[in-house]
Protein chains: 2
Amino acid sequence: MKKAPENSPSVRELGEQGLLKRLQRFCPPEWVGDDAAAIAMTPSANRSLVVTTDMLVDGVHFSDRTTSAEDVGWRAAAANLSDLAAMGATPLAITVSLGLPGDTLVSWVEGVYTGMVSCLDRYQTAIAGGDVCKSPVNVISITAFGWVPTNRTIRRQNGKPGDAIVVTGVHGAGRAGLELLLHPETGNDWSEAETRELISAHQRPNPRLDVLPMLWEVMGEGGEIAGMDSSDGLADAIVQIARESGVGAIVDRAVIPLPPSLSQRVGEERAIEWALYGGEDFELVLGLPWTVAREFVKRLGNGAAIVGTLTKSTRVCLTDSTGAYADEVITQSLGFQHF
Amino acid sequence: MKKAPENSPSVRELGEQGLLKRLQRFCPPEWVGDDAAAIAMTPSANRSLVVTTDMLVDGVHFSDRTTSAEDVGWRAAAANLSDLAAMGATPLAITVSLGLPGDTLVSWVEGVYTGMVSCLDRYQTAIAGGDVCKSPVNVISITAFGWVPTNRTIRRQNGKPGDAIVVTGVHGAGRAGLELLLHPETGNDWSEAETRELISAHQRPNPRLDVLPMLWEVMGEGGEIAGMDSSDGLADAIVQIARESGVGAIVDRAVIPLPPSLSQRVGEERAIEWALYGGEDFELVLGLPWTVAREFVKRLGNGAAIVGTLTKSTRVCLTDSTGAYADEVITQSLGFQHF
């Protein structure tokens with residue numbers, strides 16, 4: 001990442017003030033130049049402020065092999081906006097802190113910002129400021145904040161036995177895209193369009209902020225919404241919702257929406273494994289009353305599906321309505337663990 | 001920092017889920033367990049949301065020699081709250097992201113959180129969530145949120161020629177405390193109380209949120225407030241306010257409030273140098289109309305002073321009303337530079 005072909009100064013050569021000045025171009029001018037950014041608010045009753053934060057470390061969360069600077073920026077912004085979407089919140093702004101070794105190229109830093117802003121622009125969101133500092137390794141810390149009508153707050157703990165489990169799109173695409181980047185030979189006999197779409201799912205994931213207005217419309221005035229995003233995998237999302245709500249779940253592996261032809265390409269078993277445990281899909285996983293769920297899925301089209309039901313048990317059980325696979329219990333221990 | 005005497009597991013031994021569970025004890029339970037925290041707001045017209053963020057890196061911003069885990073946490077929280085105070089904002093919450101090597105002791109992480117919460121508790125503020133991830137070096141990233149009545153927003157650019165430059169307390173104490181920690185022999189013939197107070201100024205600085213209600217009362221309905229905090233030094237604060245406001249300043253070195261007896265202990269020249277360039281003092285530096293400034297300083301007492309005036313020039317000039325020192329021009333180039 002540090003050896004970009006273009007002739008860029010390093011951050012040490014540019015200095016802190018020079019770097020900050022360059023990066024300020026990416027921020028709305030009214031938020032620049034103070035100890036903090038002051039964001040004028042339209043007052044409105046019954047709204048909650050929603051905040052989420054994420055840290056990404058070079059060599060742990062991103063690397064040269066799979067991720068350009070622009071993609072690092074896009075993915076970092078998308079992951080945080082997805083956490084807002086997972087709460088039902090509309091984004092307002094993000095802050096960005098960067099820890100940088102002196103020899104990091106300014107072009108890399110600007111690439112990260114360019115990627116972030118490309119993603120944020122789609123959701124009318126901006127960078128409200130940040131910090132740059134010296135560090136032995138590139139570190140990116142993002143905090144995103146947004147608003148949610150308090151009675152529309154999506155929470156993991158809101159699940160009720162009998163709720164339908166809805167996914168807003170296909171799963172496994174992010175993991176498949178990563179595989180194609182790490183092992184390009186995997187895609188030797190795939191069509192270019194297939195390859196491109198899966199790689200794009202990995203490099204440029206879209207937070208599902210777009211589904212919220214539709215969800216509210218379908219919900220009408222009714223009830224609480226359970227849910228989270230599937231950035232750590234579909235299985236993890238369902239287990240977390242079940243655990244936080246004190247319920248169980250039955251999920252039908254036969255109806256989990258996969259990217260077109262993924263099962264043919266890598267085999268059914270592997271495709272489902274990637275969908276359940278691969279992560280990086282940034283879809284929403286919601287617990288909704290069945291009538292709401294059916295209407296919502298119909299309107300969403302395009303990969304959205306009801307994949308199961310929340311139950312009175314406390315086990316999360318993977319069944320197969322085609323009868324090809326035996327039932328399995330899903331536990332969190334297969335999920336992602338750092339350190 | 002990693003070799004604490006007590007028998008603590010490392011973060012690798014505890015694992016991510018175990019660590020998160022331990023850290024959740026430090027957060028209000030209603031903000032735990034989702035993709036983000038939803039903070040219920042009291043709606044009110046004409047308020048702005050204020051956000052600020054800071055990254056601290058082991059070996060760059062803190063080290064074993066001068067800073068315990070608790071002090072690292074306190075200082076990190078205080079610096080962010082001070083940035084809110086510098087905007088005139090009342091804090092609401094902070095988020096905390098930690099990048100940690102696997103061998104960092106859990107006791108160190110909990111020490112950092114304990115220090116943060118000790119500081120936050122004084123200002124009725126809490127941790128609204130965060131992230132922990134693997135990193136080759138300990139990294140702490142904090143984002144703080146607060147509210148300001150929009151017409152009370154303190155901004156660097158609000159300075160006007162003729163404004164009095166007010167400091168809310170003594171300067172140089174933070175730097176003197178650091179000196180005593182780095183070179184304890186410096187304090188051999190100082191009183192224990194002196195030493196303790198200066199070290200405490202360095203380890204446990206207090207953000208000046210307490211002065212805001214008094215400031216608003218003295219201001220009445222009147223005008224805009226110019227200012228920032230002096231965490232990068234008094235000179236830097238005055239230069240930044242002058243530059244952003246397109247004005248100059250005259251500062252009288254003879255009236256800059258110093259810690260009692262610091263001049264006798266280290267010499268006048270050095271004491272003033274620490275006050276101007278030492279940083280880490282976390283006082284507010286404000287540009288106010290003279291009548292307001294006089295009343296405000298009188299009410300503050302205890303080290304608060306009018307140290308100069310904003311001028312129509314664009315130079316920041318250090319004079320000496322006792323005549324002992326020649327005039328100097330202060331430029332930002334003496335300020336703190338990373339990388």
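This is a predicted model: local features need pLDDT of at least 70, side-chain atom pairs count only at pLDDT 80 or more; totals for chains, interfaces and linings use all residues.

Colleague: Which residues does UniProt list for "binding site"?

Modeller: The UniProt record, an unreviewed entry, gives A:Asp35, A:Thr52 and A:Asp83. They cover 49 residues of sequence and are spread in space too, with up to 26.3 Å between C-alpha atoms.

Colleague: Take A:Thr52. Where does it lie? Buried or exposed?

Modeller: A:Thr52 is in strand β2 of chain A, residues 47-57. Its relative accessible area is 4%, so A:Thr52 is buried.

Colleague: And what is A:Thr52 in contact with, sequence neighbours aside?

Modeller: Leaving out neighbours within four places in sequence, its contacts include A:Asn80, A:Asp83, A:Ile142, B:Asp35 and B:Ala36. With A:Asp83 there is a side-chain polar contact of 3.3 Å.

Colleague: OK, A:Asp83 then. Which helix is it found in, and what does it touch?

Modeller: A:Asp83 sits in helix α2 of chain A. At 10% relative accessibility, A:Asp83 is buried. Not counting residues up to four places away in sequence, A:Asp83 touches A:Thr52, A:Asp54, A:Asp229, B:Asp35 and B:Ala36.

Colleague: Switching to α5(A). Which residues are buried?

Modeller: Those are A:Glu194, A:Thr195, A:Leu198, A:Ile199, A:His202 and A:Gln203. Down the helix axis they fall within an arc of 155°, so they line one face of α5(A).

Colleague: What do they pack against? And what is on the face turned away?

Modeller: The buried residues of α5(A) pack against α2, α4 and α8 of chain A. The face turned away from the buried side carries A:Arg196 and A:Glu197, both exposed.

Colleague: How far does α5 of chain A reach?

Modeller: α5 of chain A has twelve residues and reaches 16 Å from first C-alpha to last, close to the 16 Å expected.

Colleague: Last topic. How many aromatic pairs are there over all chains?

Modeller: The search finds five. One of them is A:Phe26 with A:Tyr113, tilted, at 5.3 Å centre to centre and 50° between the planes. A:Phe26 is in the loop between α1 and β1 of chain A and A:Tyr113 is in helix α3 of chain A, so the pair ties together parts 87 residues apart in sequence.

Colleague: What about A:Phe145 and B:Phe145?

Modeller: That pair is edge-to-face, at 5.4 Å centre to centre and 85° between the planes. A:Phe145 lies in strand β5 of chain A and B:Phe145 in strand β5 of chain B, so the pair joins two chains. A:Phe145 and B:Phe145 are both buried.

Conventions: Residues are numbered from 1 along each chain as its sequence is written. Chains are lettered from A and ligands numbered from 1 in the order in which they are written. Side-chain values use heavy atoms; hydrogens and water are left out. Helices (H or I, at least four residues) and strands (E, at least two) are DSSP runs, numbered from the N terminus. The expected span of a helix is 1.5 Å times one less than its number of residues. Buried means under 20% relative accessible area, exposed over 50%, partly exposed in between (1.4 Å probe, protein chains only). The arc is that of the directions from the helix axis to the C-beta atoms. Contact means heavy atoms within 4.5 Å. UniProt positions are given in the numbering used here, feature names are shortened, and annotations may be inferred rather than shown by experiment. A polar contact is a pair of N or O atoms within 3.5 Å; within protein, one must be able to donate a hydrogen and the other to accept it, and residues adjacent in sequence count only if both atoms are side-chain atoms. Rings of Phe, Tyr and Trp (its six-membered ring) pair if their centres lie within 6.5 Å; planes under 30 degrees apart count as stacked, over 60 as edge-to-face and the rest as tilted.
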